[in-house]
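Subject: Structure handover

Hi,

Here is the structure I promised you. Please open it before you read on.

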Amino acid sequence: IVGSYSVNGVAALHSELLRKGLFRDFFELWPHKFNNKTNGVTQRRWMASANPGLTRLLGETIGDGWVTRLDELRGLARHADDAAFRARWHAMKRANKVRLAELVKHDCQVSFDPDALFDVQVKRIHEYKRQLLNILHVIHLYARLKHGEESRDGVPWTPRCVLIGGKAAPGYFMAKRIISLVCKVADMVNGDDQIGDRLKVAFLPNYRVSAMEIIAPGTDLSEQISTAGKEASGTGNMKFMMNGALTIGTLDGAN
C-alpha cells in the first residue's frame, strides 16, 4: 500500500471493508489511493465457449445478442413455463453432466451417475471457504444412509454426487489436512456397498481452467459457503450461475 499509487478491493463490499477495517489507518492517510474494481468473468468464455449445448439452445430461443449484451438473457423468463423449452434444457443439462462424469471417472476413478444431483465445490482450499463444513455434511449424509434413513418428511432420498476440488498454498498445513480428510471420506463412502449409488464423493486433483469449463456446465448445486465477511468477491460463483446451477451459500462477496 505504501509503495502503490492505487489500491482496490474486488467487490463494492470488499472495498468498503478494506477502508473501514483492515486498512483503515492507510485509508485515513491516503484516501485518494483507495478505489473499487469489481471482479467479473465473461459469458463469451464461460457460456458461449464452455457450454456449446446451452449456446445453441439460447441462440434458437432468444437469439445470440447475449454473447455481447448479457442482460438480453432476461428474455429467457418468458420461456420458463414452455414445456418444450424445458425439455430441451434438461436434455442439454444431462449431456453436460455426462461430460462431467467422464472427467471425474478419468481424473478420480469414481463413477458419477448423470441422473443424480451433482453437488460441487471447487475453489482454493482455505479454512474460510469451508470445504471442511462441506465434507462434514457429506459425513452427515453418509450417517443418515447407514441408519436406514431413506426419506425425510416424506421426501424420498435424492442420489447425490459430491465433487470437491481446489489447490492449497504449499505451506498451508491445515488445508492439506482438509484435502486428506476429503480423500479419506471419499474412499470410505465409495467403498461401501451398502451405500451404492445413493452417495458418491470425489476430490478432483489439479483443479484448472480447462476442468472448470466442463465442471460449471455440468453442476446442479454450486457450493458458495464461505464464512460471511471473508469472501472478497468470488468469480467461480458467477461461472456456475451463468450455466444454470442453483447457488447455496452466504450472502457475501459477489453472491
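Below is what I found, from the whole chain down to single residues.

A word on the source. This is a predicted model, so local features need pLDDT of at least 70 and side-chain atom pairs count only at pLDDT 80 or more, while totals for chains, interfaces and linings use all residues. Residues are numbered from 1 along each chain as its sequence is written, and side-chain values use heavy atoms, with hydrogens and water left out.

**Overall picture**

The protein has nine helices and nine strands. These are DSSP runs, numbered from the N terminus: helices are H or I with at least four residues, strands are E with at least two. The C-alpha trace spans about 65 × 50 × 35 Å along its principal axes. Of the 255 residues, 43% are buried. Buried means under 20% relative accessible area, exposed means over 50%, and partly exposed is in between (1.4 Å probe, protein chains only).

The accessible surface is about 13500 Å², and carbon and sulfur atoms account for 57% of it. The areas come from the Shrake-Rupley method with a 1.4 Å probe; for residues, only the protein chains shown count as cover.

Now the contacts (heavy atoms within 4.5 Å). Take those between residues at least 6 apart in sequence: 71% of them join residues at least 24 apart.

**The cores**

A nonpolar core is a set of buried Ala, Val, Leu, Ile, Met, Phe, Trp, Tyr and Cys residues joined through side-chain atoms within 4.5 Å. The largest one has 32 residues. V104, F112, L163, M212, I215 and F240 touch the most other members. Several elements give two or more residues to this core, among them α3 (43-49), α4 (52-62), β3 (117-122) and α9 (236-242). Which element gives the most? It is α5, with seven residues.

Leaving out residues up to four places away in sequence, M212 touches W46, V122, Y207, P217, G236, K239 and F240. There is also a second, separate core of 21 residues, which includes I125, L145, A175 and I178.

**K97**

Is K97 buried or exposed? K97 is buried, with a relative accessible area of 8%. K97 sits in helix α5 (residues 83-108). Beyond its neighbours within four places in sequence, K97 is in contact with P114, D115, A116, F118, G218 and D220.

- D82 is in the loop between α4 and α5. D82 is partly exposed, at 32% relative accessibility. The D82 side chain reaches the backbone nitrogen of A84 at 3.0 Å.
- D153 lies in the loop between β4 (151-152) and β5 (155-156). D153 is exposed, at 78% relative accessibility. Phi of D153 is near 55 degrees, a positive value in a residue other than glycine.
- N206 lies in the loop between β7 and α8. N206 is partly exposed, with a relative accessible area of 46%. Phi of N206 is near 50 degrees, again positive in a residue other than glycine.

Best wishes

How values were computed:
Polar contact = N/O pair within 3.5 Å; in protein donor to acceptor, adjacent residues only side chain to side chain.
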